[in-house]
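Look over the sequence and the structure first.

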Amino acid sequence: MRIVRHHEYGPSRVLRTEQAEPPAHGPEDVLVRAAAIGVDHADVQRRLGTFPLGAPPLPYCPSTDVAGTVVGIGDRVTGIEPGQRVVVWQARDAYAEFVAAPAARVLALPDGLGFAEATLLGSTGRVAVHLLQTARLTAGETVLVRAGAGAIGHIAVQAARALGAERVIATAGSPRKLDFVRSLGADAAVDHTRPDWPARVREAAGAEGVDVILDGVGGPQLLDGVRLLAPYGRLVCYGASGGDSEQPALPLMDLMGMRQVTGFSMATMARGAPALVEEGVRLLVRLVTDGSVRPVIHERVPLDEAARAHDLLEQRVSMGRVVLVP
């Protein structure tokens with residue numbers, strides 16, 4: 001089979017297509033023929049060697065969400081059959097024609113959902129919903145989604161609206177992306193490349209500020225977000241796509257007014273609150289199935305052109321999700 005790896009850190013050209021044997025699957029695993037493979041900003045950071053949690057060991061093939069068809073199951077697997085359409089979340093060695101994964105990471109697809117769109121039922125869509133769970137969003141609140149045009153952000157904008165947010169504000173970095181987040185239902189779209197973006201968010205939110213902020217950008221602007229929080233407001237930080245792994249010091253006085261800041265880890269949530277995770281997955285599937293959330297695919301890129309897919313994210317031109325197609 002074909003698999004894409006990089007043997008060094010660096011620009012997108014370090015990605016190369018190689019030949020390998022299909023992965024073996026154990027008694028509790030499922031073997032899937034990939035039809036669509038999600039491409040995430042974290043893949044870019046790992047390729048560059050700048051991922052905030054550390055660079056991966058080399059050679060490396062990204063671990064991400066894969067949708068496809070089951071072609072093999074282990075002896076102990078139940079409830080999943082060959083021929084079934086599924087999505088695997090955070091599959092190892094995902095940039096490949098076949099992936100093997102524990103059955104616990106496999107989710108059957110709703111009828112009528114395409115493979116490319118289904119990749120967003122993996123970790124990307126889950127993160128969007130789990131962030132709103134972590135923030136304890138209640139109906140009538142104001143939500144700010146940073147990087148609202150991204151793979152996670154565009155799901156979060158729609159999910160926040162579906163879950164009763166009275167006002168949804170999204171930031172993005174170009175006129176096309178601002179139009180895109182408005183088309184998803186954002187009440188206000190703010191250009192986060194402008195120095196006065198916090199003032200524009202406050203103008204859209206009102207004098208009290210924002211109840212919930214979902215921030216995957218990080219860096220110095222994280223502190224701007226904290227200062228936008230209303231009394232009892234909650235900011236959930238889940239990444240550093242802005243490229244700054246070093247986060248600013250958070251002055252204690254900025255938390256006065258009962259503001260709260262928390263980090264998010266899907267792995268920690270899965271270990272500590274599995275029932276909440278299952279609730280979030282059911283919610284995500286329902287929102288996608290009933291049309292409340294519409295996964296958007298920016299482009300389908302051939303597997304052999306993985307470097308171009310990375311360029312789309314690194315150049316920050318994509319809206320929604322980029323997928324690789326074997």
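Which side chain does Ser12 join in a polar contact? The partner is Asp311, at 2.8 Å. The model is predicted. Ser12 sits in the loop between β1 (2–5) and β2 (16–19). With a relative accessible area of 11%, Ser12 is buried. Beyond its neighbours within four places in sequence, Ser12 contacts Arg47, Ala307, His310 and Asp311.

**Salt bridges**

The structure has 18 salt bridges.

Asp40 and Arg321 link distant parts of the chain, 281 residues apart. Asp40 lies in the loop between β3 (29–39) and α1 (41–48), Arg321 in strand β15 (residues 321–325). Both are buried.

Arg300 is in strand β14 (residues 297–302) and Glu117 in helix α2 (residues 115–118), so their bridge ties together parts 183 residues apart in sequence. Arg300 is partly exposed at 46% relative accessibility. Glu117 is partly exposed too, at 21%.

Asp179 and Arg182 share helix α5 (residues 175–183), 3 residues apart, about one turn of the helix. Asp179 is partly exposed at 49% relative accessibility, and Arg182 at 41%. Elsewhere, salt bridges with shared partners join Arg2, Glu97 and Asp304 into one network.

**Burial and cysteines**

In helix α7 (residues 221–228), Leu222, Leu223, Gly225, Val226 and Leu228 are buried. Their cover includes α6 (197–205), β11 (210–215) and β12 (229–237).

Cys61 is buried at 3% relative accessible area, and Cys237 at 16%. The disulfide count is 0.

Technical notes: Residues numbered from 1 in each chain as written. Predicted model: local features only at pLDDT ≥ 70, side-chain atom pairs only at ≥ 80, totals over all residues. Heavy atoms only, no water. Buried < 20%, exposed > 50% of the residue type's maximum accessible area, 1.4 Å probe, protein only. Helix = DSSP H or I, 4+ residues; strand = E, 2+ residues; numbered from the N terminus. Contact = heavy atoms within 4.5 Å. Disulfide = S-S within 2.5 Å. Polar contact = N/O pair within 3.5 Å; in protein donor to acceptor, adjacent residues only side chain to side chain. Salt bridge = Lys/Arg side-chain N within 4 Å of Asp/Glu carboxyl O.
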